[in-house]
Amino acid sequence: MSKSNKPKRSFASDNNAGVHPKIMEAIIAANSGHVIAYGDDPYTARATAKFQERFGKLADVYFVFGGTGANVLGLSAITEPYQAIICADTAHINVDECGAPEKFTGCKLLSVSTENGKLRSEIIKHFLHGVGFEHHVQPRVVSVSQSTEMGTVYTPEELKALSRFAHENNMLLHMDGARIANAAVSLKRDLKEITGSAGVDVLSFGGAKNGMMYGEAVVFFDRSLSKEFKYIRKQGTHLPSKMRFISAQFEALLTGDLWRRNAEHANRMARILARELAKVPQVQITQKVEANGVFAIIPAKYVPLLQAKYFFYVWNEQTSEVRFMTSFDTTEGDIHDFVSLVKSTLRE
Ligand SMILES: Cc1ncc(COP(=O)(O)O)c(C=O)c1O
């Protein structure tokens, strides 16, 4: 415990975690001598090769600073301003990017409510109503998050059904994979099986939530879509001059399955947290725990008492649903301490 008597780690976000020691070592190792800036360096070549080992030789990979940027730029590459992007109402692009996708793509976001953060063709097909009609925006992209903002995961079959639907209707499938590693290990599938092979056209591949300091990648599975992307990235302010420090992190993440181990650990911690919280009579787990997020309803009067010690987000104020996230560095001790506090607080 620190002097303020606050625990060292909390359950607010996997972004609140620090940097995995192996990633930090890779950053330090990259900090030697000069290399050419803007990505024409050996670190970027090796990291790109690691991506292509996982996603196939034809995957076109671009490193960027952050996840909002990855989404905005990937979507910009495949849309025109008179088009629309279909997404869940809970999607990060819809609620947590301050309107950046609308501002930078010019597209309208068409959002639908879902039970579990997942899209299905049945709940989005009504958006095709105005196709070809000049008074309506033209749906061009279906965007999914994997894992979703509700901690659930699309199976490869669900993704294939969505990509089939999108492609049959002249649309593309975009995936916000800020937590793609958590989804892959949850499904026990390779990264490619739940992206390119499932029909995803453009992927935002997350690094920061899985142990990196910063940096995400935009991966195109069809090079005809990425022809102009180098200009889009630069104009979109996401061409890092010292690219090697993002590349070195990705190389470390994708070497020796560090990405997998980090995500497996975070997911396992989420399952334990959910199991222990479910034993507390007044706590109700609201979503399947398929990745590293746990959603629960906790009676509203107790929430500030818990937040005084452990910061976390209220997801739905009406229902008092809160979100807990685990990360690569969560320990069983952290869970024990937190659940003990929940138990004693909810008895008060
Ligand atoms: C689902 C999802 N997508 C994308 C992001 C990327 O966000 P940032 O721009 O903060 O890196 C986040 C971050 O919380 C996220 O949860």
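## Buried aromatic pairs

Phe229 counts as buried, at 0% relative accessibility. Phe220 is buried as well, with a relative accessible area of 0%. This is a predicted model. Both residues fall under the 20% limit, so both are classed as buried.

The whole structure holds 19 aromatic pairs. One of them joins Phe220 and Phe229 edge-to-face. Their ring centres lie 4.9 Å apart, with 65° between the planes.

Phe312 and Phe338 form another edge-to-face pair, at 6.4 Å centre to centre and 70° between the planes. Phe312 lies in the loop between helix H12 (303-307) and E10, and Phe338 lies in helix H13 (residues 332-347), so the pair ties together parts 26 residues apart in sequence. Phe312 is buried, at 1% relative accessible area. Phe338 is buried at 0%.

## Ring cluster and charges over rings

Ring pairs also build a cluster. Its members are Phe51, Phe55, Phe63, Phe205, Phe221 and Phe250.

Two tyrosine rings have a charged residue over the face. Arg46 lies over Tyr43, at 5.2 Å from the ring centre. Lys118 lies over Tyr154, at 5.9 Å from the ring centre.

## The seven-stranded sheet

Seven strands form an open sheet with mixed pairing. The order is E1-E7-E6-E5-E4-E2-E3. Strand E1 (60-64) and strand E3 (108-112) stand at the edges. Each has a single partner strand, so one side of each is left without a neighbour in the sheet. Neighbouring strands are turned by 20° against each other on average, direction ignored.

Strand E4 (residues 138-145) and strand E5 (residues 172-177) run parallel, joined by five bridges. Val144 stands opposite Met175 in E5. Helix H3 (residues 67-77) lies across several strands, including E1, strand E2 (83-88), E4 and E5. Strand E6 (202-205) and strand E7 (216-220) are also among them. H3 runs at about 20° to E7.

## The four-stranded sheet

A further open sheet has four strands in the order E8-E9-E11-E10, with antiparallel pairing. Strand E8 (284-285) and strand E10 (313-316) are the edge strands, and each pairs on one side only.

Strand E9 (residues 293-297) pairs with strand E11 (residues 321-325) over five bridges, in the antiparallel sense. Phe295 has Arg323 in E11 as its bridge partner. Helix H11 (residues 258-278) lies across E8, E9 and E11. H11 runs at about 15° to E9.

Note on methods. Residues are numbered from 1 along each chain as its sequence is written. This is a predicted model: local features need pLDDT of at least 70, side-chain atom pairs count only at pLDDT 80 or more; totals for chains, interfaces and linings use all residues. Side-chain values use heavy atoms; hydrogens and water are left out. Two strands pair if DSSP finds at least two bridges between them. Helices (H or I, at least four residues) and strands (E, at least two) are DSSP runs, numbered from the N terminus. Contact means heavy atoms within 4.5 Å. Axes are lines fitted to C-alpha atoms, for helices over the stretch in contact, and angles run from 0 to 180 degrees between N-to-C directions. Rings of Phe, Tyr and Trp (its six-membered ring) pair if their centres lie within 6.5 Å; planes under 30 degrees apart count as stacked, over 60 as edge-to-face and the rest as tilted. Buried means under 20% relative accessible area, exposed over 50%, partly exposed in between (1.4 Å probe, protein chains only). A charge sits over a ring if NZ of Lys or CZ of Arg is within 6 Å of the ring centre and within 35 degrees of the ring normal.
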